[in-house]
Amino acid sequence: QVQLVESGGGSVQPGGSLRLSCVGSGSIYSTTVMGWYRQAPGKQRELVATITSLGNRDYADSVKGRFTISRDSPRNTVYLQMNSLNPEDTATYYCNFHNEVVVRYDYWGQGTQVTVSS
């Protein structure tokens, strides 16, 4: 069984920065697509960013230029560097490990809260 553990959330003022981390344990394939999603109160969960095993990145339009996703594959870790945060970024952030090669799986972390407020 795969377990994902997130860290790095917290409260920050507008314009501030946070770095989220997610470490996976268990049987994780190198082909795993790692990603971050977020869900604000009363809203649906939405994609923030993903990164493939080849390093190809995809971002939501709302975070392009401000957030950077990266991964350390040997350590089964994905990061999300968030800069220039604004109140609209307030949400619970979830990491996701998704794989469709050889073995299909879709795992989620427990979520970490990010609050941007003055």
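**Close-up views of a predicted model**

**View A. Arg38 is a buried residue, with a relative accessible area of 6%.** Here buried means under 20% relative accessible area, exposed means over 50%, and partly exposed covers the values in between, with a 1.4 Å probe and protein chains only. The structure is a predicted model, in which local features need pLDDT of at least 70 and side-chain atom pairs count only at pLDDT 80 or more, whereas totals for chains, interfaces and linings use all residues. Residues are numbered from 1 along each chain as its sequence is written, and side-chain values use heavy atoms, with hydrogens and water left out. Arg38 forms a salt bridge with Glu46, with 2.7 Å between the closest N and O atoms; the term stands for a side-chain nitrogen of Lys or Arg within 4 Å of a carboxyl oxygen of Asp or Glu. Glu46, at 35% relative accessibility, counts as partly exposed.

**View B. Arg66 and Asp89 form a salt bridge whose closest N and O atoms are 2.7 Å apart.** Arg66 lies in the loop between strand S6 (57-59) and strand S7 (67-72), and Asp89 in the loop between strand S8 (77-82) and S9, so the pair ties together parts that are 23 residues apart in sequence. Strands (E, at least two residues) and helices (H or I, at least four) are DSSP runs, numbered from the N terminus.

**View C. Arg75 forms a salt bridge with Asp72, the closest N and O atoms being 3.0 Å apart.** Arg75 is exposed, with a relative accessible area of 57%, while Asp72 counts as buried at 18% relative accessibility.

**View D. Strands S7 and S8 form a hairpin, with four residues between them.** The two strands run antiparallel and are joined by six bridges, where pairing requires that DSSP finds at least two bridges between two strands. Thr68 stands opposite Gln81 in S8, and Asn76, in the turn, has a positive phi of about 50°.

**View E. Cys22 and Cys95 form a disulfide, with their sulfur atoms 2.0 Å apart.** The pair links distant parts of the chain, as Cys22 belongs to strand S3 (residues 18-25) and Cys95 to strand S9 (residues 91-99), 73 residues apart. A disulfide is taken as a pair of cysteine sulfur atoms within 2.5 Å, and a search of the whole structure finds one. The torsion about the S-S bond of Cys22 and Cys95 is about 40°, so the disulfide is right-handed. Both cysteines, Cys22 and Cys95, are buried.

**View F. The largest nonpolar core has 29 residues, of which Trp36, Val78, Leu80, Met82 and Tyr93 touch the most other members.** Elements that give two or more residues to this core include strand S4 (33-39), strand S5 (46-51) and strand S11 (112-116), and S9 gives the most, with four residues. Such a core is a set of buried Ala, Val, Leu, Ile, Met, Phe, Trp, Tyr and Cys residues joined through side-chain atoms within 4.5 Å.

**View G. Val101, Val102 and Val103 form a nonpolar surface patch, with about 260 Å² of accessible area together.** Patch residues have over 30% relative accessible area and no salt bridge, with nonpolar side chains (Val, Leu, Ile, Met, Phe, Trp, Tyr) joined within 5 Å and like charges within 9 Å. Accessible areas come from the Shrake-Rupley method with a 1.4 Å probe, and for residues only the protein chains shown count as cover. Val102 is placed in the loop between S9 and strand S10 (105-108) and is exposed, with a relative accessible area of 75%.
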